[in-house]
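Please read the numbered points beside the sequence and the coordinates.

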Amino acid sequence: MNLACLQALGRRGLLRPCIRSFHSTPTPAFAFAATKARRAVAAPAVGEYAPKEGEHVLNSPSEIARRISAKVLPKIPRANVQKVLVVGSGGLSIGQAGEFDYSGSQALKALAEEGVSAVLINPNIATWQTSHQLASEVYFLPVTPAYVAYVLEKERPDGILLTFGGQSALNVGIELDRMGILDRLGVKVLGTPIRTLEVSEDRDLFVQALKEIDIPVAQSTAVSSVNAALEAAEQIGYPVILRSAFTLGGLGSGFANNAEEMSDLAAKSLSLSPQVLIERSMKGWKELEYEVVRDAADNTIICCNMENFDPLGTHTGDSIVVAPSQTLPDDEYHMLRSAALKAIRHLGVVGECNIQYALNPHSREYCVIEVNARLSRSSALASKATGYPLAYTAAKIALGYTLPELPNAVTKTTTACFEPSLDYIVTKIPKWDLAKFSTQVNREVGSSMKSVGEVMAIGRTFEESLQKAIRQVDPRWKGFEVVIEPENLDHALSVPTDMRLFAIAYAMYKKHYTVDKLHELTKIDKWYLYKLDNIVQTHHALKAAGSIENVDHELMLRAKRMGFSDPQIAGIVSSDELTVRSHRKSLGITPFVKRIDTLAAEYPAHTNYLYTTYNATEHDVKFDENGTMVLGSGVYRIGSSVEFDWCAVTCARKLRDIGKKTIMVNYNPETVSTDFDEADRLYFEELGFERVMDIYELEQAQGVVVSVGGQLPQNIALRLKDTGVNVLGTDPAQIDKAEDRHKFSSILDSIGVDQPEWTEATSLSAAKEFANKVTYPVLIRPSYVLSGAAMNVVYEESDLEYNLSAAASVSPLHPVVITKFIDGAQEIDVDAVAHNGKLLIHAVSEHVENAGVHSGDATLVLPPFSLPAQDMERLKTITEKVAAAFEISGPFNMQIIRKPTQSPGEESELKVIECNLRASRSFPFVSKVLGVNFIEVASSAIVGQDVPAPVDLMTEARDYTAIKVAQFSWTRLGGADPFLGVEMASTGEVASFGKDVYEAYWASLLSTTGFKVPRAGSGVLIGGDITKPEMAKIAKQLTDLGFKLYCSSTAVEDHLNATPYISVKRIFFPKTDKRKLREVFDEYEIQSVINLAKSRASTFTDEDYVARRNAVDFGLPLLNEARTAELWVEALARKIPQGGLKGYLEGRVPSEVRSWSEFVGKRA
């Protein structure tokens, strides 16, 4: 770099410190503490000139640039820390999901580079973050002030990072500061100061702060009671929006059009947060977001700006989001950019944050909605959209680095003090799983988030990017086409739901609505609607062609550039995918591979972050590496979440370790697998057959791994093999046999492995005949699904017809199997790895709940606590037989039913109910608990290199127990019945260790987000099925522990009061008035609910449903299954004498506060 280039850098703002002063913002009235940036180790210099002690140097290959910068860059002291505690976010839930695995992992990488020892507290055992490759010590404990304080006392770190664990970590940090624990232990808060966090979270202080610098904020009033909320709404004028403070994902927020709606909403929100904000509603305005990075020297940049496709009124997590913004004129873009820089400097953020705006589409009027002074879901999206590693950079800034000193981690040649340029368009679409909750959950989306995950697609036109994203959300959707046909179309357009995009498609394709009419109903910017119309017109042109032979080069290229997939084109012209693919290739039309380099190709850069597009004329890379492809898991959804990302990352790392080049394919912006440094090449792309084949052919890959990414890669495995792809590991023909229930059952019969009686349901009469023969209950099981979709237990004939039709609609190409359901049996999970049909390693986990609760929702115990040695040996034999029968090379998982016989001395029945020839969601759990990485073993088996000798881990004695507990998001899903069944409902999981099953269960249940331990002597609402023997036992123990028992049912009252030493009081129980019910709960100090109902409620006024639903709405612990409720009460009995209900006590560190390596006895 010559002097002219250095001057150019100065003009581009990269040497701003030499031309202006710092900290010019006047100190606000509520003075922030000055941020003291601290330094660890000097950044490595490039070239001959190395910085002297205390000098800060521009990251540049030019020696002269470094020499000059050493004189002008401010001397910010680095953080003097050797050990730092990183606070994680806990289990994945709606509003706080995998994005924090990504951000925490990046922070841990940054700390490791600086030689700082990182201690992590995070109970999410499924994440890559909770691996010893990143953290020195990991604590699988609740992210609560008490447990974080215990870890601080035990580990005595110098510093703490609070902005990488979502709202959970932020709230804990603020509370620890309030308690004086950070000061007492001498722990420095690195990065954004506590005062800034408090101001950004406390709505009243936040509004005051921005008013001081004349940044407009929505007219608002902070209130703490329902009456005050009603008064504020009257003053502002309806409609208003209510926002909760100190919550994530808009939890407890909503719109109110009148006093009645306001009263109900405020009552619910104030049960979840101590303060709510009543604001003027700006529904219909544009919503925009800017991601801002600021260092302690006041260098501040905008990393990315994003625009919501949906107007204000839909939570940004539930909105389609486009980056960069497409409809802002330059003056509006810079108006909001300047406001963002001004606001973030004034607030004193040090690190990364995002600022959200509402912008009047008819004027330049705007206002700030909120600032998240931490890494957020949007930060993850912005990182992946631009290639700028926000979390990594924020962690370095927290250690005292300034932006000019840090390298651009993507290009390695430029500095981090720059604003990324994009020569492509990114579209994010949320993934909702509301259909899983049938008619219970309102499908409308608003200011409170409901989506469980999101996808990100990259293209060079909006049309290309959008259609890619639609397919990523659900492989059944081919693109922007008619999926639903709403009866009341105008209502479906004007009221946002999870399916509104397809309501727009129906309006355009079938009802011929104009762009003007659609804009009037949806308030979506016309620019986007015209782009959607481009897709519709291309669809019509393809339809007019009539057949694939009539689609010429021009039309095919137009369609591909608009994002049409081969199956989509095939559906329009009545052909099939392979014919379309062949025709397209004969026309010479194939995708081009482009780089994401953060610089829009302004500087030469050699990155490995890739995407495909048809809107190009040449490739950016050479295809000479012949890598091994690892297919990721796609979007997070109920049934497939961060655990499969852990599997994919572990597999890619192991393959690199044994000398193979790796190609990762995934499209989830919340993941570690889509970090560009986790593989030799990263394709941020679809996981469908068409795109996988495109990449395989271009890269001339050695093979494809399909068994670590959950169900999506499995579904295309056989087609890949039939097309000539080298599918590594277990033969896809064997995968097909295991997925097809008929073939699977036949194989089990042939090897003498028992299974429940079954039949193929070809007609309703045949199903009835079978059910009557084996006796009810029976289980309806479709093939090729994940997380028990459309699985149902049927107890009587009248339910059979409905359930069969529901199952058939899930997987119409595969038959529905009906099996005998074994009531009251125990369920066991076996996770294993084999090579060429020989068992290498296996783990046996025991469910606490009886069969009938989906394994993803069940409480898993490892090592098992009730299985005799004889049964453990028989389980191993079954596993060996299955491995041999399916000639497995790689990971597999089985679910087995155990039913003890009535005759003494007789063997228990062991019946296999399911087998997946892939990694399962429990692989991270068993790997971390047993201290052996099952996926590393599986990766070796898949490629047949470095395959270890077989070992039986289950015969080793262990002096600890670990328990995995499901993380539910019932609070977000208004109306859903918090009842556990055979269809999965949880959004994540947590796990903790303990000296026994009671200590482990105590810690793991407290680790679920929002779990509040009841006060000693408080009330417990108990109800449900009185025939369950556990009910009386639980009631007796709670009485002995000093809790007061209440019920709503005469039957429960009579049953329990007839039991000796139990006293239960029946209380007035309003079923339809939430406010009155809240008053009843408060009057009797009800702080937990135990409801042991036999089945899911059929009406919203069922008293068991009302008890369960309001327990989650009021933020109270709910135990809704008999055996886990019993375990909880037994854990309470052991913890109360140890002070378990007293909260944090200085100097007392509970016995469960031990690190992972202390429990396991090694760094696994």
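The points below cover confidence, salt bridges and backbone features.

1. Basis of the note. The model is predicted: local features need pLDDT of at least 70, side-chain atom pairs count only at pLDDT 80 or more, and totals for chains, interfaces and linings use all residues. Residues are numbered from 1 along each chain as its sequence is written, and side-chain values use heavy atoms, with hydrogens and water left out.

2. Confidence. The mean pLDDT (the predictor's confidence in each residue, from 0 to 100) of the protein is 88, and 92% of its residues reach 70 or more. Residues 1–46 have pLDDT below 50, yet beyond near neighbours in sequence this stretch has 111 contacts in the model, a contact being heavy atoms within 4.5 Å.

3. Salt bridges. Side chains of opposite charge can pair when their charged atoms come close. A salt bridge here is a side-chain nitrogen of Lys or Arg within 4 Å of a carboxyl oxygen of Asp or Glu. By this rule the count is 65.

4. D677 and K109. These side chains form a salt bridge at 3.1 Å, N to O. D677 lies in the loop between β20 (662–666) and β21 (681–684) and K109 in helix α3 (residues 99–113), so the pair ties together parts that are 568 residues apart in sequence. Helices (H or I, at least four residues) and strands (E, at least two) are DSSP runs, numbered from the N terminus. D677 is partly exposed at 39% relative accessibility, whereas K109 is buried at 13%. Buried means under 20% relative accessible area, exposed over 50%, and partly exposed in between (1.4 Å probe, protein chains only).

5. R584 and D566. In this salt bridge the closest N and O atoms are 2.9 Å apart. R584 belongs to helix α21 (residues 577–586) and D566 to helix α20 (residues 566–572), 18 residues apart. Both R584 and D566 are buried.

6. Cis peptide bonds. One joins Y238 and P239, with omega about 0°; P239 lies in the loop between α9 (226–236) and β7 (240–244). The bond from Y776 to P777 is also cis, with omega near 0°, and P777 is in the loop between α27 (764–774) and β25 (778–781).

7. Positive phi. H512, a residue other than glycine, has phi near 55°. H512 sits in the loop between α16 (500–509) and α17 (515–522) and is exposed, with a relative accessible area of 59%.
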